[in-house]
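I opened my notebook to look up a few helices and loops, one at a time. Here is what I wrote down as I went along.

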Amino acid sequence: MEIPSPKKWSQEIWLAIFTSLALFFIMSSFDYSTFLMAADKRVLQTPSINDPCTGKYIYIQDLPSKFNSDLLKNCRLLTRGTENSMCPYIENNGLGPLIEDDYDGILSNNSWFNTNQFMLEVIFHNKIMHYKCLTKVPSMASVVFVPFYAGLDVSLHLWDSNISSRDSSAHDLLDFLSNKPEWKRMWGRDHFMVAGRISWDFRRQTDNISDWGSKLRFLPQSMNMSMLSVESSSWNNDYAIPYPTYFHPWKDSLIFDWQTRMRNRKRPYLFTFVGSPRPEMTKSIRGRVIDQCQRSTNSLCQFIDCSSIQNSCSKPVSVMKSFQSSIYCLQPPGDSYTRRSIFDSILAGCIPVFFHPGTAYSQYKWHFPKNHTKYSVYIPVKDVINDLKEGTIEKVLVGISKEEELSMRNEVIKLIPNIVYGDPMVRLETVEDAFDLSIKGIIERVEEIRKVIKDGKDPSVGFAEEDSYKFTFSDYNHT
């Protein structure tokens with residue numbers, strides 16, 4: 001065997017060292033994220049039948065703090081439309097201050113909070129942080145959640161005469177999102193956000209100073225996203241989910257116990273209206289509703305005037321006591337189609353009476369039965385407007401049989417889990433709450449878009465278009 005010379009041996013050693021170093025630098029510069037994403041796609045193409053989260057994964061977009069947590073730190077600048085501070089309502093993950101007394105059974109201990117209706121986006125964010133199917137890999141996700149506190153942000157500028165300041169955060173957010181790699185998978189059509197205000201607050205159509213709200217939902221990138229809010233607009237990519245109530249159970253049995261109590265509740269009043277008139281709104285029927293309530297025979301109707309100086313409409317105990325004492329609760333539109341009162345009354349086992357399909361039937365389709373006659377009474381607005389002396393509302397309600405009334409109340413009480421948001425820090429075991437149904441609804445919607453893309457069709461068709469018939473009975477089974 002020929003023994004290599006020392007010179008040749010040295011050359012081979014240096015060649016081996018050079019090759020090793022070259023391989024090290026190549027491997028160091030390799031984009032592992034691309035490799036992992038590719039591997040992830042292979043997993044998604046052949047999902048595991050043993051993974052209960054297949055098709056349910058959510059990726060939470062990591063946003064700069066100015067879009068969420070900084071707004072909470074500056075809570076004294078926020079307003080709920082009055083002089084009161086929003087700071088107390090941030091407590092307990094957005095649920096607000098705990099109500100420690102059950103007030104002789106009107107409430108129940110350790111699950112009732114003084115919750116502000118505008119805190120839904122904070123509650124939802126805290127709920128989703130404990131969702132069982134989160135992923136840190138965007139390509140695994142069925143949907144992407146964007147934790148932008150849109151409602152709190154816009155509340156800083158709703159009365160601002162500077163149009164640019166109203167839209168500033170919206171532009172910044174969309175610039176940030178559209179430059180992320182996960183945006184380009186479906187150009188944002190798998191992204192969604194949640195707002196604690198009605199969606200009309202984000203659909204200012206002109207740049208006139210007198211026009212209300214921001215232009216968030218009319219910006220090009222935003223039109224590719226979905227928004228879940230307490231009231232949807234007539235555009236197809238807006239979806240309504242329940243207003244938060246005061247009840248946030250931390251275990252299933254609290255819901256079941258509450259349902260039993262509401263079934264057994266004595267209700268001395270036939271119908272109740274909790275609210276205030278809208279004399280400045282020429283098309284509002286509230287004045288007529290209040291008038292019919294006050295003129296009811298034998299004091300069948302209870303009216304709680306929220307416009308009086310001593311009103312107790314912001315006190316959970318007073319509101320729930322009023323609703324629990326009535327068989328039917330009147331829900332006429334107010335400043336907009338919907339009301340938080342709808343959900344407080346259902347929580348109290350009170351059968352809602354609606355006057356416009358846009359108040360509930362064409363809104364909360366993920367949370368309410370399609371057949372609205374099972375759980376509510378509908379009296380068309382025109383019937384109330386045209387009535388001068390007869391007392392249409394009382395006549396309709398008196399004419400409902402006890403059997404129908406009992407059936408509707410049972411349906412209303414069965415709806416209670418659908419309209420409450422459980423404590424964000426825990427997961428309910430067997431009950432799907434308002435959060436769970438909202439997540440299920442948006443995932444199903446995005447999967448429909450994926451199917452459209454897979455079939456080679458244009459996903460933009462109909463996605464962000466306005467539906468002029470959305471708030472009518474045109475496509476709704478109401479028989």
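**Entry 1: a bent helix**

I started with α6, which bends by about 30° at serine 169. The bend at a residue is the angle between axes fitted to the seven residues ending there and the seven starting there. The model is predicted, so I noted that local features need pLDDT of at least 70 and side-chain atom pairs count only at pLDDT 80 or more, while totals for chains, interfaces and linings use all residues. Residues are numbered from 1 along each chain as its sequence is written, and side-chain values use heavy atoms, with hydrogens and water left out.

Helices (H or I, at least four residues) and strands (E, at least two) are DSSP runs, numbered from the N terminus. I found that α6 covers residues 163-178, which is 16 residues. From first C-alpha to last, α6 reaches 23 Å, close to the 22 Å expected at 1.5 Å a residue. The expected span is 1.5 Å times one less than the number of residues.

What caps the N-terminal end of α6? I found asparagine 162 there, with a side-chain oxygen 2.9 Å from the backbone nitrogen of serine 164.

Next I checked burial (buried is under 20% relative accessible area, exposed over 50%, partly exposed in between, with a 1.4 Å probe and protein chains only). The buried residues of α6 include Ser169, Leu173 and Leu177. Their cover includes α5 (150-155), α7 (183-186) and β3 (191-195).

I moved to aspartate 190, in the loop between α7 and β3. Is aspartate 190 buried or exposed? I wrote down buried, because its relative accessibility is 1%. Its side chain makes a polar contact with the side chain of histidine 191, at 2.8 Å. A polar contact is a pair of N or O atoms within 3.5 Å; within protein, one must be able to donate a hydrogen and the other to accept it, and residues adjacent in sequence count only if both atoms are side-chain atoms. Not counting residues up to four places away in sequence, aspartate 190 touches Ser142, Val143, Val144, Arg185, Val446 and Arg450. Contact here means heavy atoms within 4.5 Å.

**Entry 2: two crossing helices**

I looked at α4 (residues 120-128) and α16 (residues 434-454), which pack at an angle of about 80° with their axes 11 Å apart. That makes α4 roughly perpendicular to α16; the label runs from 65 to 115 degrees, with under 35 roughly parallel, over 145 roughly antiparallel and the rest oblique. Phe124, Lys127 and Ile128 in α4 meet Phe435, Ser438 and Ile439 in α16.

**Entry 3: a buried threonine**

I found threonine 338 in the loop between β8 (326-331) and α11 (341-347). Threonine 338 counts as buried because its relative accessible area is 5%. Which side chains make polar contacts with its side chain? I listed glutamate 231 at 2.6 Å and tyrosine 243 at 2.8 Å. Serine 232 is 106 residues away along the chain, yet its C-alpha is 9.3 Å from that of threonine 338.

**Entry 4: a covered helix and the whole chain**

I saw that α10 (residues 316-324) is mostly covered, with 7 of its 9 residues buried. The cover includes α8 (252-263), β6 (269-275), β7 (301-305), β8 and α11.

Last, I noted 16 helices and 10 strands in the chain. Of its 479 residues, 52% count as buried.

Notes. Axes fitted to C-alpha atoms, helices over the stretch in contact; angles between N-to-C directions.
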